[in-house]
Amino acid sequence: MSSGRFDVPTTSLVPVPSTQCEVETIAQKEKNEHFHVELSVVTQAQGSVYLEHGNTKVMAACYGPQPTSVRRGFSAVCLLDCDVKFSPFSGTKRRKDQPTDEDKEMSEALASALSPCVCLSKYPKSIIHIHVNVLEDAGNAFSSAVNAACLSLVDAGIEMFDLLAAATVTMNNSTDGKKNTTSGEITMSLMSSIGEITLMEQRGKLSDKLSQELIQQAVDECGRVHVLQQHFLTLSHTMRSSEESDGMDESNDERTS
């Protein structure tokens with residue numbers, strides 16, 4: 001198991017909107033919170049990750065590539081089977097144990113976001129299963145699920161075109177001291193090195209100017225997450241190499257004695 005913590009930036013430039021409202025983003029708040037990753041936490045999986053982003057906690061496990069079943073038929077490229085589930089205690093209200101429409105929708109969206117960044121042609125007649133369990137949802141469950149699923153694929157040694165980073169940016173309106181109300185949200189998954197967006201969803205009503213501002217903030221946050229992913233993967237590789245080196249030294253010492 002490899003783990004590490006990294007202090008994220010605490011300052012950012014916030015665009016001033018044209019309307020008299022307070023713009024607050026989940027991405028900006030998370031910059032003041034920790035980002036924690038642990039790799040290879042599920043021993044029976046080829047790759048697995050435990051990820052904390054702010055107060056959101058998710059676990060992802062990757063199984064495969066495995067041969068496809070006869071009923072699925074022949075496939076020239078690898079199939080991605082994604083399954084996202086929320087723990088009953090993940091939110092303020094207790095969830096049902098049975099899969100919900102939200103679980104199914106998020107599972108399909110996760111497969112759609114991941115497919116462009118995985119070298120599917122490298123694994124014909126195969127299938128890769130990715131299971132994500134949301135342990136705690138602080139408003140950015142899907143983006144955290146994408147980030148964890150991507151790292152679990154890397155941990156499993158699956159060939160990819162680039163790391164996939166995701167972010168959720170929300171605009172909250174606050175006028176005359178009234179309670180904030182969400183008026184728009186953008187979720188994006190981006191291959192930062194290539195500059196290719198694999199998924200972008202907008203919910204709520206946003207003006208063209210605010211949409212552009214939030215899209216740019218989402219791109220910036222994806223770039224920051226991309227750097228963090230690289231950091232933790234490098235840290236994990238260094239720790240594993242050190243452990244293997246220590247094990248070889250102990251083995252040599254035993255032979256010498």
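The dialogue below takes up a helix, a pocket and some salt bridges.

Tutor: This is a predicted model, in which local features need pLDDT of at least 70 and side-chain atom pairs count only at pLDDT 80 or more, while totals for chains, interfaces and linings use all residues. Residues are numbered from 1 along each chain as its sequence is written, and side-chain values use heavy atoms, with hydrogens and water left out.

Student: How does the end-to-end distance of helix 2 agree with its 14 residues?

Tutor: Helices (H or I, at least four residues) and strands (E, at least two) are DSSP runs, numbered from the N terminus. The expected span of a helix is 1.5 Å times one less than its number of residues. Helix 2, residues 101–114, should therefore span 20 Å, and its end C-alpha atoms are 20 Å apart, which agrees.

Student: Which residues of helix 2 are buried?

Tutor: Buried means under 20% relative accessible area, exposed over 50%, and partly exposed in between (1.4 Å probe, protein chains only). In helix 2 the buried residues are Asp103, Met106, Ser107, Ala109, Leu110, Ala111, Ala113 and Leu114. Glutamate 102, by contrast, is partly exposed because its relative accessible area is 36%.

Student: How much space lies in the largest pocket, and which residues are the closest to its centre?

Tutor: Rolling a probe the size of a water molecule over the atoms shows where empty space is left. On a 1 Å grid over the protein atoms alone, a pocket is an open set of points where a 1.4 Å probe fits, with protein on both sides within 12 Å along at least five of seven lines; lining residues have an atom within 4 Å of a point. The largest pocket holds about 330 Å³ of space. Its lining has 15 residues, and Glu102, Met106, Phe142, Glu185 and Arg203 are the closest to the centre. Helix 2 gives the largest share of this lining, four residues.

Student: Which salt bridges should I examine?

Tutor: A salt bridge is a side-chain nitrogen of Lys or Arg within 4 Å of a carboxyl oxygen of Asp or Glu. The structure holds five. In one of them, glutamate 102 meets arginine 95 at 3.3 Å, N to O. In another, aspartate 155 pairs with arginine 240, with the closest N and O atoms 2.7 Å apart. This pair links distant parts of the chain, helix 3 and helix 4 (residues 208–256), 85 residues apart.

Student: Are aspartate 155 and arginine 240 buried or partly exposed?

Tutor: Aspartate 155 is buried because its relative accessible area is 15%, whereas arginine 240, at 32%, counts as partly exposed.

Technical notes. Points joined across faces, edges and corners; volume = space filled by probe spheres on them.
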